Amino acid sequence: MTEEPAQPYVPQITDEMREQAKQTPDSWLYIVDPSYESSGEDVPPEGVVGAFRIDSDGEIEQEFHPNEEYEPRVGTIEPVNELERVLERISTGQAPESELPPAVLAAELVLYAENSEDESLYEAELDDGSRLVPACTSAKRVPEDWPSHRVVPGEQLPKLLAGMDLGLNLDDPIRAVIPYDMLVESSTEQ
C-alpha cells in the first residue's frame, strides 16, 4: 500500500487579509511564518510560507502559491504537551488552524494569577485596544513577570471566558489569539 502525498498547507483567508488586499490591487499577499515575524528582523525568503495573487479589483485569488524555499522554524522551547505540538504544526504549515480550538479544549491551560490562591480572571489590552485573557500552554512558557499562575481545564474556558478571546503564549515566537466564538463553536461540536 502506498502512502498518499501530504496535502500542501493552504492558509485560511481572513477578513484582515481581504482588507489588506483591497488596498493593494494587482499584487501579491505574502504569508509569513509567525516565528520569523516575531524575531523583529527582516523576514528572509525562507520565512515566507507562500503567497496569494491579488487581482486588479483587490480580491484574493483562491490558488495558494507555496514558497519552495520556505523552511519552518520551531519555537525556542520544545513542546511538552499535545496543545504545544498542535500550535507548532500550525505555525510551520503542517496543520490547519481549525485544529487549535479542539486542542485547547482538550488541554490544561495556565492562566495569570496574583498568588496561588487567586481564581480571578485577568484581561490584557493589546496595542490595538482589543482585550483578551492571556494564557500559556504549559508552566514552562509562563512569563517571568507573572507573580503566579493557576491551571484550568480547557473544557471550562467557554464558560470561564464569558465572551473574551484567549491569547496563547503571547510572549513566545509561536503564539495565537483564539476568538471566543471559535472556542464555543468547537465545544458544541465535541
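Colleague: Where do E82 and R85 lie, and how many residues apart are they?

Modeller: In this predicted model, both residues belong to helix α3, where they are three residues apart, about one turn of the helix.

Colleague: What do E82 and R85 form, and what is the distance between the closest N and O atoms?

Modeller: They form a salt bridge, with the closest N and O atoms 3.3 Å apart.

Colleague: Which side chain meets that of R89 in a salt bridge?

Modeller: The side chain of E82 does, with an N to O distance of 3.3 Å. R89 has a relative accessible area of 27%, so it is partly exposed.

Colleague: Next, E84. What is its salt-bridge partner?

Modeller: The partner of E84 is R141, and their closest N and O atoms are 2.9 Å apart. E84 sits in helix α3 while R141 is in the loop between β6 and β7, so this pair ties together parts that are 57 residues apart in sequence.

Colleague: Are those two buried or exposed?

Modeller: Both are buried. The relative accessible area of E84 is 3%, and that of R141 is 11%.

Colleague: Changing topic to S138: where is it found?

Modeller: S138 is in the loop between β6 and β7, the latter spanning 148–153. Its relative accessibility is 8%; buried means under 20%, so S138 counts as buried.

Colleague: And what is S138 in contact with, leaving aside its neighbours within four places in sequence?

Modeller: The contacts of S138 are V80, N81, E84 and V110.

Colleague: Now the largest nonpolar core. How many residues has it, and which have the most contacts inside it?

Modeller: That core has 25 residues, and those with the most contacts inside it are L100, V104, L109, L166, L168 and L183.

Colleague: Which elements give two or more residues to this core?

Modeller: The helices are α3 (82–91), α4 (100–106), α5 (157–161) and α6 (180–189). The strands are β4 (108–113), β6 (131–136), β8 (165–168) and β9 (176–178).

Colleague: What is L166 in contact with, leaving aside its neighbours within four places in sequence?

Modeller: L166 is in contact with V104, V133, A135, L157, L161, A176, V177, I178 and L183.

Colleague: What about the second core: which residues does it include?

Modeller: The second core is separate and has 11 residues, including V49, I60, F64 and Y70.

Colleague: Last, the whole chain. How many helices and strands does it have?

Modeller: The protein chain has six helices and nine strands. Of its 190 residues, 40% are buried.

Colleague: What share of contacts between residues at least 6 apart in sequence joins residues at least 24 apart?

Modeller: That share is 60% for the protein chain.

How values were computed. Residues numbered from 1 in each chain as written. Predicted model: local features only at pLDDT ≥ 70, side-chain atom pairs only at ≥ 80, totals over all residues. Heavy atoms only, no water. Core = buried A, V, L, I, M, F, W, Y, C linked by side-chain atoms within 4.5 Å. Buried < 20%, exposed > 50% of the residue type's maximum accessible area, 1.4 Å probe, protein only. Helix = DSSP H or I, 4+ residues; strand = E, 2+ residues; numbered from the N terminus. Contact = heavy atoms within 4.5 Å. Salt bridge = Lys/Arg side-chain N within 4 Å of Asp/Glu carboxyl O.
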